[in-house]
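Hello,

Here is the structure we spoke about.

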Amino acid sequence: MDHYNNENNQNINNNQVDYKHLIPRQNGFVFKFIKKDKDFIHTFVEGDFLEKVGLSPACIIGKTLHDFLPEDRANQKHYFYEIAWSGNTINCEGSANGFHYLASLTPVIINSQVIEVNGTAIETTEHRKNASKIQELEKLSLVGELAAGIAHEIRNPLTSVTGFAQMIKELSNDETIDNYIEIMLNELNQINTIVNQFMFISKPKENMEIRDTDMKALVSQVIEFMKPQTNLKGLNFIEFISSDSIFTAHCDPNQITQVIMNLIQNAIEATTDSTQKIAVSLKNTNENSLLIEITDKGCGISQERQKRLFEPFYTTKEKGTGLGLMMCKRIIENHDGTIEVNSQLGEGTTVRIILPKVSNHH
């Protein structure tokens, strides 16, 4: 019996060596435990994952689960350890300090008696992140399909109602009726904008017309177009900052115009003090890309809200649809660009857009 046991121990020791090859040690760990009285004592642990989560072998070896884990987690793990100790191989998920892993517990059985349990664990943090990203995208495409269907149905009656409203306006000589019709047409226009946003979400790439675009001219036009809006709010003005160099982007000018208008509109709405300027600047970041920056000194956005800004239907405005920023992100990403928002509550917001440039040898 002793001889048999030693031989087996020999194998177990060899296993330690094998484990190092089996497990990608950078993103996993291996461990062993035995049952002593009613508790489980860890006899071995190693792997780079431990360091990552701030644990050392010293705080695990010779210790029970309750020595280094919070009560509820220790109890849960104890339950899994019991299953393994009763002779079953079991897989279980775990987490430590925000990192996730998948562990497999394998009992070592001699003479139909479990003498110890070997555990191997591999980190799954990235995998979980990717899985939730995929879920987000699926949700988005579902929203897109649904939206496109509804938008299509709304579009036809909307067109005819708008047409008739315009006819009534032309036929009418009554000032009161004219005012009402004017309000109706504005509201219909608002509905039309939302419908277009929905249509765009479902098929953003379908209508893209990429061409070499003079970004200085494009941004200047948008600013001119937005001037009446700033005057209405009694704001000072929008300042356009750029050097003398030529800024030519490889983009769909209509879509980029839409993005910049949307962002300037947001900046105007966030600005309450008429002395605060909104600045739009254009810079070359390197030979392949250029940067458009829109900065306001308005109310700003909290850190919590910033995390959710690009989600569909998430809005901080009373009348917002929560589709504007999401649409901006879709457009910029379809252009192989990036968009990011940095904001400080009460101090203002900066939106940075990086777009691919037409290179000289283009």
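This is a predicted model: local features need pLDDT of at least 70, side-chain atom pairs count only at pLDDT 80 or more; totals for chains, interfaces and linings use all residues.

Residues are numbered from 1 along each chain as its sequence is written, and side-chain values use heavy atoms, leaving out hydrogens and water.

The sheet is open and mixed, with five strands in the order 7-9-10-12-11. Strands are DSSP E runs of at least two residues and helices are H or I runs of at least four, numbered from the N terminus; two strands pair if DSSP finds at least two bridges between them. Strand 7 (238–242) and strand 11 (338–344) are at the edges, each with a single partner strand, so one side of each has no neighbour in the sheet. From one strand to the next, the twist averages 15° (angles run from 0 to 180 degrees between N-to-C directions, with axes fitted to C-alpha atoms, for helices over the stretch in contact).

Strand 11 runs antiparallel to strand 12 (residues 348–356), joined to it by seven bridges. Asparagine 342 has threonine 350 in strand 12 as its bridge partner. Helix 10 (residues 324–334) packs on the sheet and touches strand 11 and strand 12 (contact means heavy atoms within 4.5 Å); its direction makes about 140° with that of strand 11.

Isoleucine 154 is in helix 5. Its relative accessibility is 34%, which counts as partly exposed (buried is under 20%, exposed over 50%, partly exposed in between, with a 1.4 Å probe and protein chains only).

Regards
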